[in-house]
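Please look over the sequence and the structure before reading on.

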Amino acid sequence: MGWNDWAHYQCNFTAQTILDNARALVRTGLAARGYRTVTIDDCWMLKSRDSHGNLQPDPQRFPHGMKAVAKAVHALGLKFGIYEDAGSQTCGGFAGSGVPQGGGQDHFLQDAKLFASWGVDYLKLDGCNVYAAPGDSQNTAYRAAYRAESAALFEVGRHVIFSESAPAYFQGTPDWYDVLSWVRFYGHLWREGSDIATFDAKAPNAPRFHSVLWNYAYNLPLGRFQSPGNWNDADFIIGGDGGMTPAETRSQLALWSMMSAPLILSSDLGALSPAAISVLGNRAVLSVDQDPLGRMATLLRRTPSSDLLFKKLAGGSYAVAVLNRGEQPLHVELHAVDLGFAQTGCQFSSVDLWSGAREPSALTLQAAIAAHDTAIWRIRPAPACGAPARMGVVTRLASGRHRDPESYVLCMASTGKVEACSDSPAQRWTVTPAGSLESSGRCLAAANGMVLMQRCVSSDAQRWKYTLAGNLINRGDRLCLTGRSAQGLTLEICGHHLLDSQIWSLPNDPATR
Ligand code: GAL
């Protein structure tokens, strides 16, 4: 949790901007709520190194150098973060730590030493301009660069939180899932996809919620890559800044918290309204984000205008959220069975995390949710409720990947179709402890090379192995469940070329690693 200048200021900042925002973190009380790391993004340096090969902070922006800024940030009780790049140049064209174009000596260790001497606690390593030597794939080149940074930080011996941007450079390519499975060996968090919309001083109120929904859409299916200490990063919190309404600000914080995502504010903190500060500093919602289990929410249901999310928390509680991405108010009434509890009489205590309203013993959750708003509760089921089933939608990415949050994924249906998510009963699945996929009391099976729904029995043909890459491999015939929108479900050899159609997101993705 912290603050970064990029989404609001881009390159328009000086040391003063950074320190003003650091002080605002403390003054608003947001630092006390956990937002403690202040990171300077791109454009802080000169384009060239000095005669010793060291990076040079831009003297116009940082007249007293970088160590002085780090010291001032530390004096406020905050941590200090900085930006660099794994390639020859940063995205803004400044000196990168990586191998020069055409080959040569990198600067990972030299720069890591410099950062440590300044007192850097957090490093965001972007991935523009990474040089791949002839014969090396992009994936190999990125992996070598991020491994080198990780080794350099280790050698320097300072504890630095390492944020990797590598996966974002592979979004939409067959290597995306491979990169997502190696980043955890080197760093603590990683950006997987495109940037959240930045603030434009010339159009300060240009709507930005669509970008929030897009980042949420691409982050949500990636729960299996995340575990405590290794986080998917859905990018900055722009809630409270220009172009975001109060409802949209609540939604971003609730959705990011349901995903256990890093909360890195990127607005002009001095200009936040008291209402925005109270949303961004809502202790009850922040504790959902910071829950020690670190789970990604499960998508229980998706309708054209709403998502129902469910997240297991430590200590026997659960968080429930409903996003209304539609333009009309939405009334919801949820029963325990809607959340996966088998007992119809299951009672639970609940707290509405926005209003604070408590129900010591309820049978339903009810809310009227305004357009673009998100309701969020913490519930604690009575012991008699038992554990909830692993229930929800089974999705794959739609081909084409137009940046449209609503059509980013398709839902698997027990009719054998792979179709737009509509919350039809055929799109509701339960993953059983034995690894079967059950819908309306029948189980998905591989029989004679075909995919069918059968009466559930204990057989390998009805068991599916779920891999970190996202394949569902039938335990009987070892083939991959493949779902093309035209042909529906088939069984085929697992392979990269079938990427979209063979990569699935399951309810409550387990820690498969
Ligand atoms: C992008 C990155 C942004 C910001 C920018 C700086 O690649 O996603 O968050 O760091 O570079 O140039």
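Which strands each supply at least two residues of the lining of the largest pocket? They are β1 (2-4) and β2 (37-40). The model is predicted.

## The largest pocket

The largest pocket holds about 610 Å³ of space. Its lining consists of 23 residues. Nearest the centre of the pocket lie Met-1, Tyr-122, Ile-161, Trp-231 and Gln-290.

Sorted by class, ten lining residues are nonpolar, nine are polar and four are charged.

## Disulfides in the model

There are six disulfides in the structure. Counting the bonded cysteines along the chain, the pairing runs 1-2, 3-4, 5-6, 7-8, 9-10, 11-12. Three of these links are described below.

## Cys-11 and Cys-43

Cys-11 is joined to Cys-43 by a disulfide, with an S to S distance of 1.9 Å. The two cysteines are 32 residues apart, and the pair links distant parts of the chain. Cys-11 sits in the loop between α1 (6-9) and α2 (15-27), while Cys-43 sits in the loop between β2 and α3 (65-75).

Cys-11 counts as partly exposed because its relative accessibility is 28%. Cys-43, at 0% relative accessibility, counts as buried.

## Cys-91 and Cys-128

The sulfur atoms of Cys-91 and Cys-128 are 2.2 Å apart and form a disulfide. This link of Cys-91 and Cys-128 is right-handed, with 100 degrees about the S-S bond.

Cys-128 is buried, its relative accessible area being 17%; the cut-off for buried is under 20%.

## Cys-346 and Cys-385

Cys-346 and Cys-385 also form a disulfide, with their sulfur atoms 2.1 Å apart. The torsion about the S-S bond is about 95 degrees, so this disulfide is right-handed. Cys-346 belongs to the loop between β12 (330-335) and β13 (348-352), and Cys-385 to the loop between β16 (374-381) and β17 (390-392), so the pair ties together parts that are 39 residues apart in sequence.

Cys-346 counts as buried at 3% relative accessibility. Cys-385 is buried too, with a relative accessible area of 5%.

## Asp-241

Asp-241 is placed in the loop between β7 (231-233) and α8 (246-258). Is this residue, Asp-241, buried or exposed? With a relative accessibility of 8%, Asp-241 counts as buried.

Setting aside residues up to four places away in sequence, Asp-241 touches His-8, Phe-199, Arg-208, Ser-266, Ser-267, Asp-268 and Leu-272.

## Ala-413

Ala-413 is found in the loop between β19 (409-412) and β20 (418-419). Its relative accessible area is 0%, so Ala-413 is buried.

Which residues is Ala-413 in contact with, leaving aside its neighbours within four places in sequence? The contacts of Ala-413 are Glu-419, Ala-426, Gln-427, Trp-429 and Leu-489. From C-alpha to C-alpha, Ala-413 and Ser-439 are 8.5 Å apart in space, and they are 26 residues apart in sequence.

Technical notes
Residues are numbered from 1 along each chain as its sequence is written. This is a predicted model: local features need pLDDT of at least 70, side-chain atom pairs count only at pLDDT 80 or more; totals for chains, interfaces and linings use all residues. Side-chain values use heavy atoms; hydrogens and water are left out. Helices (H or I, at least four residues) and strands (E, at least two) are DSSP runs, numbered from the N terminus. Buried means under 20% relative accessible area, exposed over 50%, partly exposed in between (1.4 Å probe, protein chains only). Contact means heavy atoms within 4.5 Å. On a 1 Å grid over the protein atoms alone, a cavity is a set of points where a 1.4 Å probe fits but cannot get out, and a pocket is an open set with protein on both sides within 12 Å along at least five of seven lines; lining residues have an atom within 4 Å of a point. Grid points are joined across faces, edges and corners, and a volume is the space filled by probe spheres set on the points. Ala, Val, Leu, Ile, Met, Phe, Trp, Tyr, Cys and Pro count as nonpolar, Asp, Glu, Lys and Arg as charged, and the others, Gly among them, as polar. A disulfide is a pair of cysteine sulfur atoms within 2.5 Å.
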